[in-house]
Amino acid sequence: MNKWVWVLLVLLATGVAGCRSRLAGTGEPTEPPRRDLPPALLLAELLARDAGDTSAQMKAAATLFVDGQALRSRVQMRWLRDRALQVSILPLMGVEICRLVLTPDTIHLIDRYHKQYAAASVGEWPEVAAAGLTFEAVQSLFLARPFLPGQMLRPDDASLFEAKADSSGGYRYTRVTDQAPGHIGWTVDGRVCLTSILWQKPQPPVSWLCRYDGYRVVKGRTAPGEMTFALSGAGRFPLSFSFEKMEYDWNTPQHISAVVPASYKRTDLKTWIETITQ
């Protein structure tokens, strides 16, 4: 059971993939239609797609690959735009054993298995800073939308990027002038669907790659059915995970809480990590 708490360490570094779908995987999904759009307009349309979304709940089947082992569980995520993300690990009969609550400036970790919790500012978690995964980045990964380190992009920012055609019938985008400490680029296919994001930092060497697949249109909303994420250089060994059978419920009331029972013991992040990896 200890190993499952490792999922929070990975989910701390990313959000679960998702576009704007209501209960994706139900109903009669269809393939998103291809669009004959120039690259700037293609990117602008993708960046505008989630403009009306303010909250969401997502459930998925997760597989974590760490230290040569594959660990599986159900995962539930709640999201409030620009305010908070909550991730719950539910390996047995829907019972939560651990929870992460991430806000723009604070990380809360609640370990129900060991009856302890930790709370710290984002700056106190060096792995997050090293990997360039701010709250804005995690939120964008959850929305399956392109972003720049430390900021959300707007539709009129499409002109800041140059595009080259790729084999998917879409484009690979990079910034015209890349002044950030790390390099970031992404691919968007001809269906106006984000298919990958790659982030690299030379010193110290850290990189991560996120891929989206299985897009379907359900009730007029486009959503990926699968997502994979691989991170290297930010911990003791490379980590990767995948999500399948993702289901979403968008723009409904979501209660996010970092409240813990009075009997739980408070610990610091370093001690917490040492405890769960024993």
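Before the first spot, one term: a polar contact here is a pair of N or O atoms within 3.5 Å, where within protein one must be able to donate a hydrogen and the other to accept it, and residues adjacent in sequence count only if both atoms are side-chain atoms. Some ground rules: this is a predicted model, with local features needing pLDDT of at least 70 and side-chain atom pairs counting only at pLDDT 80 or more, while totals for chains, interfaces and linings use all residues. Numbering runs from 1 along each chain as its sequence is written, and side-chain values use heavy atoms, with hydrogens and water left out.

So, Gln 57. You'll find Gln 57 in strand 1, residues 55-66; strands are DSSP runs of E, at least two residues, and helices are runs of H or I, at least four, numbered from the N terminus. Which side chains does Gln 57 meet in polar contacts? One is Gln 76, at 3.3 Å, and another is Arg 78, at 3.0 Å. Contact in general means heavy atoms within 4.5 Å. Leaving aside neighbours within four places in sequence, the contacts of Gln 57 include Glu 247, Tyr 248 and Asp 249. Is Gln 57 buried or exposed? Buried, because its relative accessibility is 17%, and the cut-offs are under 20% for buried, over 50% for exposed, and partly exposed in between, with a 1.4 Å probe and protein chains only.

Next, Leu 269, in helix 5, residues 269-276. Leu 269 is buried as well, with a relative accessible area of 9%. Beyond its neighbours within four places in sequence, Leu 269 touches Leu 109, Ala 118, Ala 120, Glu 124 and Trp 125.

Helix 4, residues 135-143, is mostly covered, with eight of its nine residues buried; among them are Phe 135, Val 138 and Phe 142.

For contrast, Val 95 is in the loop between strand 3 and strand 4 (98-102), and at 49% relative accessibility Val 95 counts as partly exposed.

Last, confidence. pLDDT is the predictor's confidence in each residue, from 0 to 100. The chain averages 83, and 83% of the residues score at least 70. Strand 3 (residues 84-90) has the highest mean, 96, and helix 1 (residues 6-11) the lowest, 51. Residues 12-27 fall below 50, yet that stretch has 80 contacts in the model beyond near neighbours in sequence.
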